[in-house]
Amino acid sequence: LYVPAFSLVPCSMDIARLAVNKAARAARFVAETTNLNEGTIGKLDASPVTVADFAVQALICHFITQAFPNDPIIAEEDADELRKNKDLRERVLQAVRVVEPSATGDQVCDWIDRGTERGYTDRFWTLDPIDGTKGFLRREQYAICLALVESGTPTVGAMACPNLTLNLESDSNDCPKGTLFWAHRGAGAWQMLLTEDDISDENQTYLKATRLQLKDNHNNTDELRFCESVEAAHSNHSLSNCIASALNISRPPIRLDSQAKYGVIARGDADIYLRLPHFCTSSSKAKENIYRENIWDHGAGYVLVLEAGGVVTDMEGHPLDFSLGAKLLNNKGVVASSGPILHQNLLAAIAKTMQ
């Protein structure tokens with residue numbers, strides 16, 4: 001078993017792993033005790049915000065601030081609605097107190113608003129407190145995703161997936177649910193069972209974990225498998241089907257919400273993840289009007305797949321550029337795969353399909 005030396009896994013990684021692991025307790029508490037059709041707010045982008053969104057963001061921003069008080073945080077939510085809505089604020093406070101019993105409502109709002117930074121700095125954190133909110137509301141897959149970005153590139157990623165088993169083949173009611181992923185550039189990608197136990201002892205944590213190391217299965221197209229979003233609005237499923245046909249991939253795609261897809265790729269349950277914009281024309285006007293991804297939707301998964309041996313680019317083969325604030329403004333779509341040769345074949349199939 002490979003266990004990295006302490007010097008290879010800086011404090012930032014420890015904080016990230018601990019933060020998402022603890023925050024998952026609050027998310028699970030909400031899922032177990034709340035009618036998930038209550039305590040939601042319709043946002044301008046039509047995605048619901050849950051009590052768990054607010055509670056998780058409050059906790060993780062609090063933990064980061066304790067360790068790194070000067071680090072900016074680019075997260076998804078702000079506390080404006082909580083400050084106006086006492087009942088919702090009390091529900092969020094109840095969830096936060098599962099982890100931080102002495103928290104107050106005012107503190108929770110202040111912690112959440114630590115995540116409202118939108119500008120670029122050479123070192124910042126990006127957080128999606130509940131990635132896959134609709135999956136959370138369906139009691140299916142969602143993820144708590146945290147990444148550290150340094151000099152425009154994610155260097156640390158941690159992701160808690162409370163409903164994901166340690167491999168998809170064991171995804172049954174009899175298997176324990178909950179997977180904790182983490183990765184640090186140069187120190188590998190790892191997974192272990194999500195736990196409420198203390199994981200502050202680094203050596204004991206790595207003894208319980210499995211290192212993720214991918215194989216580039218580009219020659220065996222019969223075994224290759226896509227994974228993609230459940231929601232067709234999040235990616236162009238029909239374009240993905242055309243690309244799969246071009247690569248002679250016949251296995252049905254794995255569909256699940258959230259950055260859990262990156263985890264599924266990193267551990268080899270699937271080989272390809274496409275998040276492609278909704279245009280099927282090569283016209284320059286269509287290309288310039290496409291949706292640009294939020295950095296918090298990809299930061300943690302990006303470093304996880306890279307450290308497992310995979311590749312992540314946009315659909316034109318460009319590296320993802322996290323240096324422009326909250327959006328991946330220099331990128332069109334996202335393509336992740338289990339290895340470099342497969343990735344080149346995949347990019348070629350995308351280009352041919354788009355002609």
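The model is predicted. Its protein chain has a mean pLDDT of 87, and 85% of the residues reach 70 or more. Where pLDDT is low, the predicted coordinates should not be read in detail.

At the level of the chain, the secondary structure comprises twelve helices and 14 strands. Of the 355 residues, 58% count as buried. The accessible surface comes to about 14,700 Å², and carbon and sulfur atoms contribute 46% of that area. Among contacts with a separation of 6 or more, 70% are accounted for by residues 24 or more positions apart.

One part of the architecture is an open sheet of five strands with mixed pairing, in the order S11-S10-S12-S14-S13. S11 and strand S13 (311-313) stand at the edges; each has a single partner strand, so one side of each is left without a neighbour in the sheet. At the S11 end, strand S10 (residues 226-228) pairs with S11 in the parallel sense over two bridges. Within this pairing, Cys227 has Ile254 of S11 as its bridge partner.

Helix H11 (residues 299-308) lies across S13 and strand S14 (334-337), and runs at about 140 degrees to S13. Helix H12 (residues 340-354) lies across strand S12 (272-275), S13 and S14, with an angle of about 145 degrees to S14.

Strand S6 (residues 153-161) pairs with S7 in the antiparallel sense over six bridges, and Gly157 stands opposite Ala183. S7 is also joined by six bridges to strand S8 (residues 188-193), again running antiparallel. Here the bridge partner of Ala183 is Ala189 in S8. S7 and S8 form a hairpin with three residues between them, and Gly186 in the turn has a positive phi of about 90 degrees.

Positive phi values also occur at residues other than glycine. Arg139 has a positive phi of about 60 degrees and is found in the loop between helix H6 (133-137) and strand S5 (143-150). Arg139 counts as partly exposed, at 47% relative accessibility. Ser258, also not a glycine, has a positive phi of about 80 degrees. Ser258 is in the loop between strand S11 (254-255) and helix H9 (260-266), and is buried, with a relative accessible area of 9%.

The cysteines complete the picture. How many disulfides does a search of the whole structure find? The search finds zero. Cys161 is in no disulfide, and the nearest cysteine sulfur, that of Cys145, is 6.5 Å away; a disulfide would require the two sulfur atoms to be within 2.5 Å. Cys161 is buried, with a relative accessible area of 0%, whereas Cys11 is partly exposed, at 42%.

Conventions. Residues numbered from 1 in each chain as written. Predicted model: local features only at pLDDT ≥ 70, side-chain atom pairs only at ≥ 80, totals over all residues. Heavy atoms only, no water. pLDDT = per-residue confidence, 0-100. Buried < 20%, exposed > 50% of the residue type's maximum accessible area, 1.4 Å probe, protein only. Helix = DSSP H or I, 4+ residues; strand = E, 2+ residues; numbered from the N terminus. Contact = heavy atoms within 4.5 Å. Areas by Shrake-Rupley, 256 points an atom, 1.4 Å probe, with all protein chains shown as cover. Pairing = 2+ DSSP bridges. Axes fitted to C-alpha atoms, helices over the stretch in contact; angles between N-to-C directions.
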